[in-house]
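Open the model in a viewer and keep the selection panel at hand. The stops below say what to select next and what is there.

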Amino acid sequence: MAEGFHTAIDARGVATLTLARAELHNAFDDALIAALTAEIGRLGGMSAVRTLVLAAEGKSFSAGADLNWMKRMAAYTEAENRRDAEALAELMRVLAGCPKPTIARVQGPAFGGGVGLVACCDIAVAADTATFCLSEVKLGLIPAVISPYVVRAMGERAARRYSLTAEIFDAHEAHRLGLAHALAAPEALDAVVEGIVGKLLAAGPAATAECKALIARVAAGPVDAAMIADTAARIARIRVSAEGREGIAAFLAKRKPDWTAR
């Protein structure tokens, strides 16, 4: 167990990384950011891990920056603040780029950087009582390093409103905007997450990682000759892979592929 979070990996390869600073609303500081970055990187590199669930203890998912950390930052120089910001940006990059499919299990409020964590995950499931807020401008700040992921998740138009007004919005609005993919009553949250986990485990592990990379590539550029050639090369490569051949063989033989038994 690391300070501020703990990780469990079950027999199926489902890793659950749980924020464990409930008394601080799972707010993070520089030490926790560094530890989370390292842990997500470690889990992403483990062949035994099939998917990663990001969860939290207590009433809040994450309140973003820890107040004591913010007090320290108030005395930092611009260069020191930049190093701090780059560390948080690296956490967001590592989470968004994790080769394993990631699910945010949002049981309570997600504010500031907590919204960034949700936006960086591939799939977000929220309790229908959860609330969200891009609260930075109320402090005279901006949601800077989380903005690339938040804008992608909820769209530029909605990001303009909620980052400029710092309004609190509810889970239903988060769902309408696409920030949350599914909502559940608090007591049903685990069942909904587990249903999605089951679907992820039915997919080929290598194909899942390749699919994440494909989506990132397609989202980053125009549909031009280079992109068309790249997508063709990707499917050709995976078709001749051991997993691709096994998947097609299992489909034709009307049996389950071997990865479902791992």
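A search of the whole structure finds 0 disulfides, a disulfide being a pair of cysteine sulfur atoms within 2.5 Å. This is a predicted model, in which local features need pLDDT of at least 70 and side-chain atom pairs count only at pLDDT 80 or more, while totals for chains, interfaces and linings use all residues. Residues are numbered from 1 along each chain as its sequence is written, and side-chain values use heavy atoms, with hydrogens and water left out.

Next select C133, which is in no disulfide either; the nearest cysteine sulfur is that of C120, 18 Å away. C120 is buried at 3% relative accessible area, where buried means under 20%, exposed over 50% and partly exposed in between (1.4 Å probe, protein chains only). C133 is buried as well, at 2%.

**The sheet**

Now show the strands. Helices (H or I, at least four residues) and strands (E, at least two) are DSSP runs, numbered from the N terminus. An open sheet of 6 strands has the order 1-2-3-4-6-9 and mixed pairing; two strands pair if DSSP finds at least two bridges between them. Strand 1 (5-9) and strand 9 (182-184) are the edge strands, each pairing on one side only. From one strand to the next, the twist averages 20°. Axes here are lines fitted to C-alpha atoms, for helices over the stretch in contact, and angles run from 0 to 180 degrees between N-to-C directions.

Select strand 4, residues 102-106. Because 5 of its 5 residues are buried, strand 4 is largely enclosed by the rest of the structure. Which residues point which way from strand 4? T102, A104 and V106 point one way, and I103 and R105 the other; all are buried. In a regular strand the side chains alternate between the two faces of the sheet.

Strand 3 pairs with strand 4 in the parallel sense over 3 bridges, and L54 stands opposite A104. Strand 6, residues 123-127, also runs parallel to strand 4 and is joined to it by 4 bridges. The bridge partner of R105 in strand 6 is V125.

Helix 4 (residues 113-120) packs on the sheet, where it touches strand 2, strand 3 (51-56), strand 4 and strand 6. The direction of helix 4 makes about 140° with that of strand 4. Contact means heavy atoms within 4.5 Å.

Move to A182, in strand 9. A182 is buried, with a relative accessible area of 18%. Setting aside residues up to four places away in sequence, A182 touches A124, V125, A126, H175 and V192. For a distance across the model, select P257 too: A182 and P257 are 75 residues apart in sequence and 28 Å apart in space, C-alpha to C-alpha.

**E39, in helix 1**

Select E39, which lies in helix 1. E39 counts as buried, at 11% relative accessibility. Beyond its neighbours within four places in sequence, E39 is in contact with F5, T7 and L17. The side chains of E39 and R42 are joined by a polar contact of 2.9 Å. A polar contact is a pair of N or O atoms within 3.5 Å; within protein, one must be able to donate a hydrogen and the other to accept it, and residues adjacent in sequence count only if both atoms are side-chain atoms.

**Helix 6**

Select residues 156-165 and look down the axis. A158, A159, Y162 and S163 are buried in helix 6. These buried residues fall within an arc of 115°, so they line one face of the helix; the arc is that of the directions from the helix axis to the C-beta atoms. Their cover includes helix 5 (147-154), strand 8 (168-170) and helix 7 (171-177). On the other side of helix 6, R157 and L164 are exposed.

**Positive phi**

Just after helix 6, A166 takes a positive phi of about 55°. Most residues other than glycine have a negative phi. N26, not a glycine, also has a positive phi of about 55°; N26 sits in the loop between strand 2 (14-19) and helix 1 (30-44). The last stop is K254, in the segment after helix 11 (242-253), with phi near 55°.
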